[in-house]
Amino acid sequence: MPQEYRLILKHADQPGYTPDIACYLRHGGYEALKKAVATPGRELPDGKKQSPREVIRDEVLKSGLRGRGGAGFSAGLKWSFVDRRGGKPIYLVCNADESEPGTFKDRQILHKDPHQLLEGMIISCWANDVKLAYIYIRGEMPRGARLLNQALDEARAQGFLGKNILGSGHDLEIHVHRGAGAYICGEETGLIESLEGKRPYPRIKPPYFPAVLGLYMAPTIVNNVETLCHVRHVVQLGGAEYAKLGTPNNTGTRIVSLSGDVRNPGYFEVEVGKVTLGQLILDANFGGGVRPGRSLKAIIPGGSSSKVLKAGEKFKLRRKGADGQMTQVEVDLLDLPYDFDSLQQAGTMSGSGAVIVMDDSRSMVDAIANLSEFYAHESCGQCTPCREGALWMSKALHRMTSGGGRPEDADYLRDIAQNIQGRTICAFGEAAAWPVLSFVSKFREEFAERGKADEAARAQGLSRSGTHH
Amino acid sequence: MSNAAPNAPAPTAPPPVEKIRIKVDGREIEVPKTMPDWQGRPQPTTMLQACHLAGNEVPHYCYHEKLPVAGNCRMCLVEFGTPMMDPATRKPVLEADGSPRIARSVLPYEPQTPRGAIACATPISPGMELYPSSPATRQMREAVLESLLVNHPLDCPICDQAGECKLQEYSVEHGSGTSRFVEAKVHKPKAVDLGPRIVLDDERCILCTRCVRFTKDIAGDDALGIVNRGSYNTIATFPGRPFDNNYTLNTVDLCPVGALTSKDFRFKMRVWFLKETRSVCTSCATGCNITIGSREDTIHRYEPRGNDAVNGPWMCDQGRLNYRWIGRSDRLRDVLANGAKTTWKAAVDAVAARLAAAPSGSVAIVASARQTTEELHLIKKLADRLGAPTDSVPREGEADRLLVNADRNPNTNGARLTGISFTEAGIRLPGIADGIRAGTIRSLVVFGEDVTQHGIGADLLARLELLVASDILPNATTAAAHYVLPGCAHAEKRGTFVNAKGRVQRFLKAVEPKGDARPEAEFLRELLAGTGAGEVPATAEGLFNAMAREVPAFAGLEWAALGDAGVNVPV
């Protein structure tokens, strides 16, 4: 039976573990930073020379570390896009605006082990020659902001921050910036705008790729809290050793936020790809299964923006065999390895690592109406398809939940959602469209039944209005 | 039409711009690799610019060539493809016929669905193929229009923008005839008093942010922003701070829909009844190019007319609203001789006879730098005939950093170049006053100015044997005049002004003069003949061309060659 593998949360929940620097130092804290700044340069077999900073960046690339915020993009590649020749300062921003519904992993780190984040950030800043960094923390996490500021003071007092860090000659300041409570601030260019004091309207790309034209139009790295923590472990273990954790191309560990209709909701740190969705939901180590008398109906596997998966669904996955040949295997929903690539091949994503479980007591119409309301509320309204489409879908779904359904509503909703995805400034368009698209296609009969029942009731002069909740 | 005047500096050849080949709707076209951005700086050519060069106009709301790109309306989404590269060899993949294989842009997670790019912000690359007329592109446009209309009030019958509304135009061109929307519309504030000259209808607003960007990036006033979220977004000012700078009305022009309306113009006239006349603003020496909107001899609005050499697409509010005087009820309508109504013939004959009989040096002429260059030239000819000193009246105000010039006369340079005034306008006025006081100047002819406000008071006017005043509106000078000759506003005649930078710009006639008023050039022509100064042409074209032959500053210019954008002369 697979077990949790606690790398990031190794100490966080141990009795007596506190978020102060003394406790962190007792548990080996800031050793990775010391190791990083003492890294010697090296010469590669092809004769190329790497500076100490390039060595660390190379290790992060070799580690295969992928972003834990949602997109799952290679952290090392992201760093490699940074414009280091333009002469502008390079900024690093930690995205601590954890707001994807169902996700509650970064807050564990922020509240229980803030120094781990700082150590990861300081290493990342050192490796990327960053002198000024920000932590953009969600407004609804006042305690996290307070703890981070305390941690920054402590780190500064110990010489891990400020001028000439650990005698390395590197200066670094980190500031905590509290958001005001908007989901869109988690989108990296919206976050940058917000950090600049503006309304968080995501920027168009091209031309405003953060690696070139980011914060204050300077090259900027935006990484998630958990991702930055992993950098610390990549440095401590070495990239190659870190890559042995998890599975190929899906390396390391990640924290899964498990919620919904399971007996034992919570967060679990697992090696990526070593645990299946079924094990996460059913095993006693993890979710412990659905409640007695209930059966699994659907899983939202990677935060509310990811496409829903239906119980009993089967997927064709490409697998690389021992001989290096790609083969196709059919995998049941519950046997899907919880990693980036498998879920992508299943037509959805592991996103922010939030698994939301729904049992057979749940109405899919009600569930997606609830989710759609969130996206309609959180759409920033900058671009037309998302601004108008998100609210349109929410209104249509709430019409359905209050007795106004029509048989054609599944197609109606699909059409609206299809006119959003891929046509917006930022990925929020997909985030708003995908849940609706997947719900109405996979649970089409449920929408059709609701529509038909409502239509029949209206024909008889009856209304279900207000009775269905 | 050529703008090349012989005495204009020879245009320097622009540096050669590298060209790249792309295809637009299957047709190969060569386009420059870079083109001017909103500030005129060369930037990689965008899909929208490339389509324009190919003769295909990509519809857009938020994009404006003189504003920073926002990319928010999504109306300009265009399907496209790029040449496929073999990842191993880094060479283009070729079709059987040797042509490059094109990879159509698709959704990465749904490869059967085309993905468009916003043409306003996406640079083209060699070998790129743009499909602005493809079914996928058309579907994207239709979808954006549908989205824009779901919460739109569709109150076109009473909307001021009707007839010049991009929602209407694109709905005809790219929209669907029906709506699937069955939900309740979002209701937002109506008739919001945004500032002294602007009213906002939030329900009509499509949130393109043109007004926000213009106000911040062009007018330099960070006054407008967006509040609330999603569909509930509204344009807003800071609480308690009205939207009030001298350029607010440009946002009404920029607004592609009927959200921002001008308090001055709203509900006054359906725009399709307006006749449009190319003209020039008279409120300062910048000479912003304008379009006069008039119906049946009533002027209803001025709008800026694009001219990159002068005002770009903008004008100031003060200039834009400075048209009401043309229709004032107290306009001078009658020819007067000693206060009694008379005919043009009687008055002109009498004045000509008096002037012709006056000893040389006993007549002075005060002209106005609000008059046309041609009129000023005729006045100068008259003055030369009579040996009369001349000048014009300076009119100073404060300049701003955008368009407003400190010189509030539209044609100070015209007065200088024709010799009416010296380098500094008005410095001969005290001399004229002294001449009247000393009794050497006994006749005064005044055009378009109230000299009592400029050092020649009523007491001096009372000493004159002959005071002739030509003007548009009554004033103390016309009240004291022996002869009053009613003149025309610029909108009632044709002519040219020379702006502060020496740009000679012509303006055309929008409305008929009031009452018996006539264009000044007409009766100046008669005065010249009556005083023995000779014959001059009768038309604006003829007058300008004759002037260009006689006045060195305008040598080589022709009325027809001035075009709609004007020509620069050295000043």
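Helix axes are lines fitted to C-alpha atoms over the stretch in contact, and angles between them run from 0 to 180 degrees between N-to-C directions. Helices (H or I, at least four residues) and strands (E, at least two) are DSSP runs, numbered from the N terminus. The structure is a predicted model, in which local features need pLDDT of at least 70 and side-chain atom pairs count only at pLDDT 80 or more, whereas totals for chains, interfaces and linings use all residues. Residues are numbered from 1 along each chain as its sequence is written, with chains lettered from A and ligands numbered from 1 in the order in which they are written.

Chain A contains 18 helices and 15 strands. Its radius of gyration, 23 Å, is close to the 23 Å that the globule rule gives for 469 residues, so chain A is as compact as a globular protein of that length; the radius is taken over C-alpha atoms, and the rule is 2.2 Å times the number of residues to the power 0.38. Taken along the principal axes, the C-alpha atoms of chain A fill a box of roughly 80 × 50 × 45 Å. Of the 469 residues of chain A, 56% are buried, a residue being buried if 20 or more other C-beta atoms, placed from the backbone, lie within 10 Å of its own. Two residues are in contact if their C-beta atoms, placed from the backbone, lie within 7 Å. Among contacts in chain A with a separation of 6 or more, 71% are between residues 24 or more positions apart.

Within chain A, helix H3 (residues 52-63) packs against helix H10 (residues 225-237) at an angle of about 100 degrees, with the axes 10 Å apart. This angle makes H3(A) roughly perpendicular to H10(A), a description applied to angles of 65 to 115 degrees. H3(A) contributes Ile56(A), Glu59(A), Val60(A) and Ser63(A) to the contact, and H10(A) contributes Val231(A), Val234(A) and Val235(A). By class, the residues of this contact are five nonpolar, one polar and one charged. Nonpolar residues are Ala, Val, Leu, Ile, Met, Phe, Trp, Tyr, Cys and Pro; Asp, Glu, Lys and Arg are charged, and the others, Gly among them, are polar.

An automatic or database domain assignment supplies the domain bounds. For chain A these are domain 1 (21-243), domain 2 (252-359) and domain 3 (364-459). The centres of domain 1 and domain 3 of chain A, taken over C-alpha atoms, are separated by 37 Å. Eleven residues of domain 1 of chain A and eight residues of domain 3 of chain A form the contact. On the side of domain 1 of chain A, eight of these residues are nonpolar, two polar and one charged.

Chain B has 15 helices and 28 strands, and its C-alpha trace spans about 95 × 55 × 35 Å along its principal axes. Of its 571 residues, 47% are buried. The domains of chain B are domain 1 (19-147), domain 2 (185-327) and domain 3 (335-568). The centres of domain 1 and domain 2 of chain B, taken over C-alpha atoms, lie 32 Å apart, and the contact takes nine residues from domain 1 of chain B and eleven from domain 2 of chain B.

Between the chains, 30 residues of chain B are in contact with 27 residues of chain A. Strand E9 (116-118), helix H2 (135-150) and strand E13 (224-227) of chain B each supply at least two residues of the chain B side. The largest share of that side, six residues, comes from H2(B). The chain B side comprises 14 nonpolar, eleven polar and five charged residues.

How values were computed. A residue is buried if 20 or more other C-beta atoms lie within 10 Å of its own, exposed if 12 or fewer, and partly exposed in between; C-beta atoms are placed from the backbone. Angles under 35 degrees count as roughly parallel, over 145 as roughly antiparallel, 65 to 115 as roughly perpendicular and the rest as oblique.
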